[in-house]
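Colleague: Put the model up, please. I will ask as we go.

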Amino acid sequence: PGHYRSMMVARADAPGDTLADFNGTRFAYNEAGSQSGWAGPMAFLNSQLLSFSSHLATGAHLTSAHAVAEGRADIAGIDALTWALIEEHDPVANRLRVIAATPPPPGPP
């Protein structure tokens, strides 16, 4: 309660098993004002000294997941609750896998 986290997802068939394997690739995010789609993942990735060659603003977590599955991005930060809903309701989840989860910081008020 009071915390959230982001799931870092990549295509199921993408090479690499760790976040470091995705250093320098393309990152999809919902919007720059998002804690779980942008700020949380960026803080976590910066702490790991990782960066991306480009950033794709998609407008929604679900759209970020589809951007990765379709090859328009290589990895995305998806809110954990949204990821659970995607796994339950959208077949795109079968084309993706979780590479890492961000530490659980406090959620915004």
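**Loops, strands and overall figures**

Modeller: Start with Gly71, which sits just after H2 and takes a positive phi of about 85 degrees.

Colleague: What are the ground rules here?

Modeller: This is a predicted model, where local features need pLDDT of at least 70 and side-chain atom pairs count only at pLDDT 80 or more, while totals for chains, interfaces and linings use all residues. Residues are numbered from 1 along each chain as its sequence is written, and side-chain values use heavy atoms, with hydrogens and water left out.

Colleague: Back to H2. Which of its residues are buried?

Modeller: In helix H2, residues 61-69, they are His61, Ser64, Ala65, Ala67, Val68 and Ala69. Buried means under 20% relative accessible area, exposed means over 50%, and partly exposed lies in between, with a 1.4 Å probe and protein chains only. Helices (H or I, at least four residues) and strands (E, at least two) are DSSP runs, numbered from the N terminus.

Colleague: Which non-glycine has a positive phi?

Modeller: Leu49, at about 60 degrees. Leu49 is in the loop between H1 and E3.

Colleague: Is Leu49 buried or exposed?

Modeller: Exposed, because its relative accessible area is 75%. Ser53 is found in the loop between helix H1 (35-47) and strand E3 (54-57), and Ser53 counts as exposed because its relative accessible area is 54%.

Colleague: What does Ser53 touch, leaving aside neighbours within four places in sequence?

Modeller: Gly24, Thr25 and Arg26 are in contact with Ser53, where contact means heavy atoms within 4.5 Å.

Colleague: New topic. How many helices and strands are there?

Modeller: 3 helices and 5 strands. Read from the N terminus, the order is β-β-α-β-α-β-α-β.

Colleague: How covered is E4?

Modeller: Strand E4, residues 75-79, is mostly covered, with 5 of its 5 residues buried. Ile75, Gly77 and Asp79 point one way, Ala76 and Ile78 the other.

Colleague: Why two directions?

Modeller: Because side chains in a regular strand alternate between the two faces of the sheet.

Colleague: Which strands does E4 pair with?

Modeller: Strand E1 (residues 6-11) runs antiparallel to E4 and is joined to it by 5 bridges, with Ser6 partnered by Asp79. Strand E2 (residues 26-29) pairs with E4 in the parallel sense over 2 bridges, and there Phe27 has Ile75 as its bridge partner. Pairing requires that DSSP finds at least two bridges between the strands.

Colleague: And the other partner of E1, what sense is that in?

Modeller: Antiparallel: E1 pairs with strand E5 (residues 96-101) over 5 bridges. Met7 has Ala101 as its bridge partner in E5. E1 is mostly covered too, with 6 of its 6 residues buried.

Colleague: Now the whole chain. What is the radius of gyration?

Modeller: 12 Å, which agrees with a compact globule, because 109 residues would give a value near 13 Å. The radius is taken over C-alpha atoms, and the globule rule is 2.2 Å times the number of residues to the power 0.38. The C-alpha atoms fill a box of roughly 35 × 35 × 25 Å along the principal axes.

Colleague: What share of the residues is buried?

Modeller: 45% of the 109 residues. Among contacts between residues at least 6 apart in sequence, 77% join residues at least 24 apart.
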